[in-house]
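Subject: Structure handover and findings

Dear colleague,

Please find below the structure that I am passing on to you. My notes on it follow directly after.

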Amino acid sequence: MLHYNLETISQAGWILIGVFCLTFIVQLFYYFYFYLSVLFLKRKNRKGKNKFAKKRPGVSVIICARNESENLSKFLPAVLTQKYPDYEVIVVNDGSTDKSEDILVDLKKKYPHLYHTYVPQNANIKSAKKLALTIGIKAAKNDYLLFTDADCEPTSENWISNMARNFTKNTDFVLGYGAYEQKKGLLSHLISYDTFFIALQYLGFAYRGKPYMGVGRNMAYRKQLFFDMKGFASILHLQSGDDDLFVNKAAHKNNTRIEISPESTTISTIQETFKNWYIQKERHLSTSSHYKHQSKSLIGFEVISRGAFYVSFIGIILYTNLTLTLTAVAIFLLRFIIQLLIINLSSKHLNERKFYFSILLFDIFLPLITLFIMIFNKLTKKGRYQWK
């Protein structure tokens, strides 16, 4: 039975109220300080306050492909027809057994700035993609390297131009947004939200001087930095991490910029089944335990505060009085409105889909999936991740 006198609220009830208010403040901090960064930078760009490089340096686009003949035919021409004065495209054929080589040979006849090489078939290395990337990087003639995947397509012919303009004097990394194609259905909405929210995190953290990851679908860095870091030597024992871990180890507030122009994004093919997405999610999470302590703390604190916010909200409804319950509902709705505005205004700018009440579902469900994957893989010591 509910009580309406504040004096009758138990000590546990007051603890729930305290946790709820504290986590609400923490959540507001993340949304307004970090996740609003795309809109902050959009406004800064519009006012001309964000300085870009005046020169357009030579760029080497590097793509690794394994049995991607269909995707190469479909998406590679969009990379090869960019409006940029000086660039090359290097495709590393990683032991493909399909018609990839034939397609690359045919495309080379039409696009002389396309180069292709291959990974030796007898190569024995735990992370084949790191070897493929290293071969592509060594083959590059330019110091500015731009990476994407064979199943990705730039959203415009100005993709290279928008990414390259961020290579100012002290910039080593440029982080962009890599979206997935939009289809109907709950799974497509789930993947879109997960991808976009993670992007709001890593782009927002980088904007605030705390870069912790990038995605190989759309990121750039200097070739000299790669050699200064001795390539992937420190993470060769891991099957993944060629993008996020490399950024986590080498990026800092003074050498990293983000690019959020709608013309700078890439679109990737989306997983068709929950199982395939789950395996992809496993692979992406397999490197997170190797992040710097600060990165893990910032990400973990947000997730913990989010979980505590929902749990304490339910507790207040169950164990306090009507007045406090209504107050908690009002605060809950305020947070939801803030989420709704920041997420959808940012997604509109990047031509991503809109999210409404699904935000509440995904906001709770995705951290649980992540927690399950990390615990399960730790207990079973799984290490089956392979790149595609």
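Two strands are counted as paired if DSSP finds at least two bridges between them. By that rule, β7 pairs with strand β10 (residues 266-268) in the parallel sense, over 3 bridges. Please bear in mind throughout that this is a predicted model.

Cysteines

A disulfide is a covalent bond between the sulfur atoms of two cysteines. Cys 152 is a case in point: the nearest cysteine sulfur is that of Cys 64, 12 Å away, and Cys 152 is in no disulfide. Cys 152 lies in strand β5. Its relative accessibility is 2%, and Cys 152 therefore counts as buried, the cut-off for that term being under 20%. From Cys 152 to Glu 181 the separation is 29 residues in sequence and 9.5 Å in space, C-alpha to C-alpha. Cys 21, by contrast, counts as partly exposed because its relative accessibility is 36%.

How many of the 7 residues of β1 are buried? The count is 7 of the 7, so β1 is largely enclosed by the rest of the structure. In a regular strand the side chains alternate between the two faces of the sheet. Both faces of β1 are covered. Val 59, Val 61, Ile 63 and Ala 65 are buried on one side, and Ser 60, Ile 62 and Cys 64 are buried on the other. The strand β1 runs parallel to strand β2 (residues 87-93), to which 7 bridges join it. One of the bridge partners is Tyr 87 in β2, which faces Val 59 in this pairing.

Residues with positive phi

Asn 67 is not a glycine, yet its phi is positive, at about 55 degrees. Asn 67 is found in the loop between β1 (59-65) and α3 (69-80), and with 38% relative accessibility it counts as partly exposed. Lys 230, also a residue other than glycine, has a positive phi near 60 degrees. The loop that holds Lys 230 runs between α8 (223-228) and α9 (244-250). At 65% relative accessibility, Lys 230 counts as exposed.

A nonpolar surface patch

Finally, Leu 186, Phe 274, Leu 361 and Phe 365 make a nonpolar surface patch of about 380 Å². Of these residues, Leu 186 is placed in helix α7 (residues 186-207). Leu 186 is exposed because its relative accessible area is 60%, which lies over the 50% cut-off for that term.

With kind regards

Conventions. Residues numbered from 1 in each chain as written. Predicted model: local features only at pLDDT ≥ 70, side-chain atom pairs only at ≥ 80, totals over all residues. Heavy atoms only, no water. Buried < 20%, exposed > 50% of the residue type's maximum accessible area, 1.4 Å probe, protein only. Disulfide = S-S within 2.5 Å. Helix = DSSP H or I, 4+ residues; strand = E, 2+ residues; numbered from the N terminus. Patch = residues over 30% accessible without salt bridge, like charges linked within 9 Å, V, L, I, M, F, W, Y side chains within 5 Å. Areas by Shrake-Rupley, 256 points an atom, 1.4 Å probe, with all protein chains shown as cover. Salt bridge = Lys/Arg side-chain N within 4 Å of Asp/Glu carboxyl O.
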